[in-house]
Amino acid sequence: MTNYFNTLSLRDKLQQLGKCRFMDTSEFTDGVTALKGKKIVIIGCGAQGLNQGLNMRDSGLDISYTLREAAIKEKRASYVNAAENGFTVGTYKELVPGADLLINLTPDKQHTNVVQTVMPLMKKGATLSYSHGFNIVEEGMQVRKDLTVIMVAPKSPGSEVREEYKRGFGVPTLIAVHPENDPEGKGLAQAKAYAAATGGHKAGVLESSFVAEVKSDLMGEQTILCGLLQTGSILCFDKMIEKGIEPGYASKLIQFGWETITEGLKYGGITNMMDRLSNPAKIKAFDLSEEMKSIMRPLFQKHMDDIMSGHFSKTMMEDWAKDDKNLLSWRAATGETAFEKTKAGDIKISEQEYYDHGVLMVAYVRAGVELAYEAMTASGIIGESAYYESLHETPLIANTIARKKLFEMNRVISDTAEYGCYLFDHACKPLLKDFMKKVDVDVIGKSYGQGKGNGVSNAKLIQVNKALREHPVEIVGARLRASMTAMKPIV
């Protein structure tokens, strides 16, 4: 199949990348009405499949699951997930013909086979939905013209889709209607109802395009959301061990530190996260992040270029054809890192101590978010979409590390995200080698400037605050967060 993005003219590429509209909450007053009474069938019951389905059922919709016959007969994990939660489960032939909305939540690498299998079974005028448009944009899947094709993409792992819903909130969600598949003009209403059913309307919904979602999603996943968190975890832990910090403490500081410091990010952006530090520590974190931005900028740009050109997708799909040889070997290697194998100690670390002893981690987050945002917007992706794919989703990924370290992060994200994470991590660690040689435990493991007072240059502090607060990701973020009144704290 042909890469759909590469078949577009330059003008159309720019239009689809820039197509993005932040939807007002008043546009969701109909709630789930457009899907009420419809037969909704989800293909696959992994992290996204199960958790989206639970939210939609709790929102009053009729949800069932369709799985391959072998998965049902052998009672695989997907069957157990659905059955133990009280859902109807059936084969493709049993459930697909009656579906008004068929939601494809299988792994990306299975999409072509799954869609080609179920499409002949779908009734005329039904709707096919995705939560990631890789199959449409990168693989060029052609869908029957009588079918409506929509995308409802929560910007988080499936586990957080459920946890935020249970807290009475949701995760930011991107919705889109495939321009070549909306024969009855019902796609947008159904996508809005779907987003409301999963709780996304409470956090913010962007009406966008398949192209913008795919290109921005791949970039965020590979860089700040997964890749840099993995790189930072391993390098910060190794530095602390090298400098004599007790391993159990170092492990806990990293495992739970990302979640804690990015909670501040979620509420008030980079400005608030940095404001949690003392003035001397804030200036130090700023200087460290500036140096890291300079070092890593070419790598971020390379990842953006490879995503835009289709090179990344081509390389990954070649690995799919080799039974994930690279992916599985990289996954195994991550499990053998010292950070992953060192248990977090039974030590109390206060919320503020995570900031005070994690100045370098704060610097990593600031550098990664800003670089990802800058690379995306420079390529034509609109600021709102870049914000969600860089800043807002970072805390949701950090939450997964707090559970079972990098194993959990890489388990709950898609295989596509995991593959990109490892690519970035393997390239980034060598780039930061000399930088990491210069840092010490005053920025990771202990408090910065201990015993030296809090005095700083007024001019320098004003310069730093201005640079932080006037960055475009802060300006866009402040506007978007103003609508997130139902947000609930987790730490």
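Contact is taken here to mean heavy atoms within 4.5 Å. The structure is a predicted model, in which local features need pLDDT of at least 70 and side-chain atom pairs count only at pLDDT 80 or more, while totals for chains, interfaces and linings use all residues. Residues are numbered from 1 along each chain as its sequence is written, and side-chain values use heavy atoms, with hydrogens and water left out.

By that definition, and not counting residues up to four places away in sequence, K215 touches F5, L17, V137, E138, M304, I307, M308 and I381. K215 is placed in helix α11, which covers residues 210-242; helices (H or I, at least four residues) are DSSP runs numbered from the N terminus, as are strands (E, at least two). With a relative accessibility of 0%, K215 counts as buried, a term that stands for under 20% relative accessible area, whereas exposed stands for over 50% and partly exposed for values in between (1.4 Å probe, protein chains only). The side chain of K215 is joined to that of E138 by a polar contact of 2.8 Å, and a polar atom of the K215 side chain also lies 2.7 Å from the backbone oxygen of I307. A polar contact is a pair of N or O atoms within 3.5 Å; within protein, one must be able to donate a hydrogen and the other to accept it, and residues adjacent in sequence count only if both atoms are side-chain atoms.

Helix α12 (residues 247-275) has 29 residues, yet its end C-alpha atoms are only 28 Å apart, short of the 42 Å that a straight helix would reach, the expected span being 1.5 Å times one less than the number of residues. A bend of about 135° is found in α12 at G268, given as the angle between axes fitted to the seven residues ending there and the seven starting there. Of the 29 residues of α12, 23 are buried, so the helix is largely enclosed by the rest of the structure. At the start of α12, a side-chain oxygen of E246 comes to within 3.1 Å of the backbone nitrogen of G248.

Helix α3, by comparison, has twelve residues and reaches 17 Å from its first C-alpha to its last, close to the expected 16 Å. Its buried residues include G49, L50, Q52 and N55, and just after α3, G60 takes a positive phi of about 95°. Helix α3 (residues 47-58) packs against helix α10 (residues 187-198) at an angle of about 95°, with their axes 7 Å apart; axes are lines fitted to C-alpha atoms, for helices over the stretch in contact, and angles run from 0 to 180 degrees between N-to-C directions. The two helices α3 and α10 are therefore roughly perpendicular to each other, since angles of 65 to 115 degrees count as such, those under 35 as roughly parallel, those over 145 as roughly antiparallel and the rest as oblique. In this pair, Q52, N55 and M56 of α3 meet Y194, A197 and T198 of α10.

Helices α14 (residues 311-320) and α20 (residues 415-431) pack at about 110°, with their axes 11 Å apart. Their contact is made by F312, T315, M316, D319 and W320 of α14 together with T416, Y419, G420 and L423 of α20.

Positive phi values also occur in residues other than glycine, including D323, with a phi near 60°. D323 lies in the loop between α14 and α15 and is exposed, with a relative accessible area of 64%. K405, which is not a glycine, has a positive phi of about 60°; K405 is placed in helix α19 (residues 383-412) and counts as buried at 7% relative accessibility.
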